[in-house]
Amino acid sequence: MTHAAPAATHAVPAGGPAGSGAYVLGVDSGGSGLRVALGRVGEPGPLATTVCAEPVRTGPGGIDAGHLLDQLLPAARELLERASAAASAEARSDAARACGTSAYEVAAVAIGAAGMATLGDRLRAELPGALADALGVRRVALAADAVTAYAGAVGQRPGAVVAGGTGMIALGTDLKEWHRADGWGHLLGDSGGGAWIGRAGLDAAMRAHDGRRGGSAALLDRLRAVFGAAETLPGLLYPRSDRPAVLASFAPEVAACAGADPVAAGILRQAASHVAEAAAAVCPAPTEPDGEGGGTGEVALTGGLFRMGEPLIAPLREELARLLPGARVTTATGDPLTGALRIARALATGDLRLPRHPTMLFVPPEQETGQRGRTAVHDGQRPG
């Protein structure tokens, strides 16, 4: 089942598009911490980046907006000060004229956060006003991390992205609606992701330990090398709050065994099948080239999962060719932080073409004028 979002809008935020010299901020908030990138509207890539190593807290009310701001605002000011120190007086003057105001104004901020779709109510309620007060920014986009992964991998073209790491989610759009498959966590899904592969590998190892069918002696040897005696594994694994990460830590061992061990190779083939099925569920149907990125579907792969290389990539390409004949399989051109910066630039210039959605890609209504009508959110299979 896929989940469709409202139709895209192409409105210019109030105040008109920002000039090429204006600053924009991209933010990526995930389990490993907060990353912030500063860029200019008219220049590709970031001017500078910084990392806040402490992950943003999540509580009963969802993602803690105050904790995010406590990290983001000092980081943003540091980046602006560094950019200011690096610029000559003449360049600062030119930038001021280009953006029609202070050369150090932040024209737009885009924040991508893990859990935004289900835990982002406080962020959507509090961040736009807080960022306006603290940085003077009038354009804010709040996105699920899958959306910033999409923007980093594909940009603003129709297509699909598979973001694979400990978990796995596929996201696609025809620039009218978003379609999502999986990303439901290691107990309900994330099929083919790192935790799924690691768990399947450990299951095969424990089968070999017991003498049951489907076991792998090679994987049992790797289990012992990584975790110790097989019978102690439940005590090591079950009490852990980071079980998905622990399971995923065994996935590279499965890939390392796949060349010589048919059980390990079979696990990766099954993982590739799951990933390809998710991609096929969300990839928009091919259309005639239209100058807006239409034509043959694009499927971009992003995330640490695909660093396992050919043991996973080779069967994945075969499955994608079978399920999506003619689709172009690409490697992501940028990561979620790149995607956040791309969204901020597009928002600053009034050229944000990715579909708005109340939880996937939220832009406060007061920032936009002349919106097109929106469709209701609905569940159902991707058309085409």
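This is a predicted model: local features need pLDDT of at least 70, side-chain atom pairs count only at pLDDT 80 or more; totals for chains, interfaces and linings use all residues.
**Group meeting: a walk through the model**

Of the 384 residues in the chain, 51% are buried. And if you take the contacts with a separation of 6 or more, 69% of them are between residues 24 or more positions apart.

Five strands make an open sheet, and the order is 11-10-9-12-13, with mixed pairing. Strand 11, residues 178–182, and strand 13 sit at the edges with a single partner strand each, so each has one side left without a neighbour in the sheet. On average, neighbouring strands here are turned by 20° against each other, ignoring direction.

Now, what packs on that sheet? Helix 11, residues 262–282, does, and it touches strand 9, strand 10, strand 11 and strand 12. The direction of helix 11 makes about 25° with that of strand 10, which is residues 168–173.

Let's look at strand 12, residues 298–302. How many of its residues are buried? It's 5 of 5, so that strand is mostly covered, going by the under-20% cut-off for relative accessible area. As a reminder, side chains in a regular strand alternate between the two faces of the sheet. In strand 12, E298, A300 and T302 point one way, while V299 and L301 point the other way, and all are buried.

Who are the partners of strand 12? On one hand there's strand 9, residues 159–164, which pairs with strand 12 in the parallel sense over 4 bridges. Within that pairing, A160 has V299 as its bridge partner, and V161 stands opposite A300. Then there's strand 13, residues 328–331, also parallel to strand 12 over 4 bridges. There, A300 stands opposite T330. To get from strand 12 to strand 13, the chain goes through helix 12, residues 310–323, and this β-α-β crossover is right-handed.

Buried or exposed? D182 has 13% relative accessibility, so it counts as buried. Leaving out neighbours within four places in sequence, D182 is in contact with M168, I169, G189, D190 and S191. Also, the C-alpha atoms of D182 and A278 are separated by 6.8 Å, although those two are 96 residues apart along the chain.

D190, one of those contacts of D182, has something of its own to show. Most residues other than glycine have a negative phi. D190 isn't a glycine, yet it has a positive phi of about 55°. You'll find D190 in the loop between strand 11 and helix 6, which covers 194–210. With a relative accessible area of 11%, D190 is buried.

There's another residue like that, L175. Phi of L175 is near 70°, again positive in a residue other than glycine. Where is L175? It's in the loop between strand 10 and strand 11. L175 counts as buried too, at 11% relative accessibility.

Moving on to helix 4, residues 121–135. Its 15 residues, at 1.5 Å a residue, should span 21 Å, and the end C-alpha atoms are 21 Å apart, so that agrees. Where does helix 4 bend? The bend is about 40°, at L127, and a proline, P128, follows within four residues. Both L127 and P128 are among the buried residues of helix 4, and the others are L123, R124, L131 and L135. Just after the helix comes G136, with a positive phi of about 75°.

Strand 2, residues 23–30, pairs with strand 3 in the antiparallel sense over 8 bridges, and the two form a hairpin with 2 residues between them. If you want a pair to look at, Y23 has R40 in strand 3 as its bridge partner. Strand 3 also pairs with strand 4, residues 48–52, antiparallel over 5 bridges.

Technical notes
Residues are numbered from 1 along each chain as its sequence is written. Side-chain values use heavy atoms; hydrogens and water are left out. Buried means under 20% relative accessible area, exposed over 50%, partly exposed in between (1.4 Å probe, protein chains only). Two strands pair if DSSP finds at least two bridges between them. A crossover is right-handed if, with the strands pointing away from the viewer, the path from the first strand over the helix to the second runs clockwise. Axes are lines fitted to C-alpha atoms, for helices over the stretch in contact, and angles run from 0 to 180 degrees between N-to-C directions. Contact means heavy atoms within 4.5 Å. The expected span of a helix is 1.5 Å times one less than its number of residues. The bend at a residue is the angle between axes fitted to the seven residues ending there and the seven starting there.
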